[in-house]
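Dear colleague,

Please find the structure below, together with its sequence. A short account of the findings follows it.

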Amino acid sequence: MDKYPDQKRAVQYLYPPIDPFDQRMVDVGDGHLIYMEQCGNPDGLPVVVLHGGPGGGCSPAMRRYFDPDVFRVILFDQRGCGRSRPHASVTDNTTWHLVADIERLRTLLNISDWAVFGGSWGATLALIYAQAHPDRVNRLILRGVFLATQAELDWFYGGGAGKFWPEQWSKFTALLSETELSDTIGAYNKRLFSGDRATEVLYGRAWSAWENALASIHSNGSTGESPGEYARAFARLENHYFINRAFLDQDGQILEQMDRIAHIPGHIVQGRYDMICPPHSAWNLAERWPNVELKMVRQAGHALSEPGISAELVRIMNRVAEGVA
């Protein structure tokens with residue numbers, strides 16, 4: 001996440017860089033090993049950080065949204081991405097595997113309940129995890145809400161966002177035939193899982209470039225070329241989850257099950273000009289959640305590293321640390 005240009009301006013709001021006091025690979029079964037780290041205060045308030053993507057992985061910058069004297073911060077790379085192994089694998093890699101992994105980590109670390117901090121896909125996973133285990137979550141802090149609905153996927157991969165970014169949309173669709181434009185997720189799926197490494201990297205870079213170009217409100221559309229293996233893993237995992245509708249039983253499931261977590265205090269930080277996850281999802285979520293605080297950040301897009309987004313998230317966590325949130 002700290003690859004975006006805004007990061008140099010956002011860091012003024014963050015705590016100084018810190019190193020983990022615990023780093024390890026955790027065997028979660030099914031042939032998967034996930035990377036996990038802890039930083040901050042070993043006896044502090046536990047908070048687990050769920051990264052975006054799927055497939056984005058954690059970055060050192062994600063440690064810096066929390067007062068290290070107060071919080072015990074747990075970060076991990078979800079199955080198939082970052083330092084977790086096997087890399088780019090979608091075998092036994094579903095939303096429900098990830099929910100089980102989160103619970104496995106909580107049990108392993110002997111934590112009774114914790115705050116869950118997540119953005120974009122991390123917000124999706126945080127909500128689904130909380131709905132599955134409402135007694136294990138004491139607070140939700142969400143950014144750039146994505147509810148894994150068909151309407152959201154249609155917006156981003158069906159041409160809605162492309163009306164605002166026609167140059168980048170043209171690049172994203174240039175690798176497809178005219179007949180494939182009605183299902184870009186399916187068309188990319190064929191190439192990302194073709195078995196030919198060069199093809200998978202080519203389409204992985206194009207998939208990643210489309211998303212990265214729209215992440216920041218300050219973007220000029222130029223993202224540079226992502227490292228091939230990172231782009232391949234990121235694109236394969238996102239595509240795998242999106243073509244399977246996040247493995248949910250029905251469209252709109254998260255909103256339909258908000259009664260399960262109505263009692264959990266929540267905070268939503270949403271960029272007003274988020275092109276990837278438009279604000280209506282955050283608004284709809286807040287309408288179903290009586291115990292939530294929604295903050296629309298003006299002059300901000302989607303990225304965690306947007307200065308206004310970073311400032312608001314740190315403010316919230318400071319209030320939590322002080323016991324006033």
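In helix 6, the buried residues are Thr184, Ile185, Gly186, Ala187, Tyr188, Arg191 and Leu192; buried means under 20% relative accessible area, with a 1.4 Å probe and protein chains only. Helices are DSSP runs of H or I with at least four residues, strands are runs of E with at least two, and both are numbered from the N terminus. Because seven of the nine residues of helix 6 (residues 184-192) are buried, this helix is largely enclosed by the rest of the structure. The cover over these buried residues includes helix 4, helix 5 (166-173), helix 7 (197-214) and helix 8.

Please note that this is a predicted model, in which local features need pLDDT of at least 70 and side-chain atom pairs count only at pLDDT 80 or more, while totals for chains, interfaces and linings use all residues. Residues are numbered from 1 along each chain as its sequence is written, and side-chain values use heavy atoms, with hydrogens and water left out.

**Domains**

The protein chain is assigned domain 1 (10-149 + 247-322) and domain 2 (151-245), with bounds from an automatic or database domain assignment. Their centres, taken over C-alpha atoms, are 23 Å apart. Contact (heavy atoms within 4.5 Å) links 34 residues of domain 1 with 28 residues of domain 2. The two domains bury about 2,600 Å² between them, 62% of it on carbon and sulfur atoms; buried area is the accessible area (1.4 Å probe) that two parts lose on being put together, summed over both. Of the area that domain 1 buries against domain 2, 27% comes from Phe247, Met275 and Ile276, more than from any other three residues.

**Cavities**

A search of the whole structure gives two cavities of 30 Å³ or more. On a 1 Å grid over the protein atoms alone, a cavity is a set of points where a 1.4 Å probe fits but cannot get out, and lining residues have an atom within 4 Å of a point. Grid points are joined across faces, edges and corners, and a volume is the space filled by probe spheres set on the points.

The largest cavity has a volume of about 110 Å³. It is lined by 13 residues, of which Phe146, Phe156, Phe242, Ile276 and Cys277 are the closest to its centre.

Of its 15 lining residues, Leu50, Phe117, Gly119, Arg143 and Leu304 are the closest to the centre.

With kind regards

Conventions
1 Å grid on protein atoms, 1.4 Å probe; cavity = no way out; pocket = protein on both sides within 12 Å on 5 of 7 lines; lining within 4 Å. Buried < 20%, exposed > 50% of the residue type's maximum accessible area, 1.4 Å probe, protein only.
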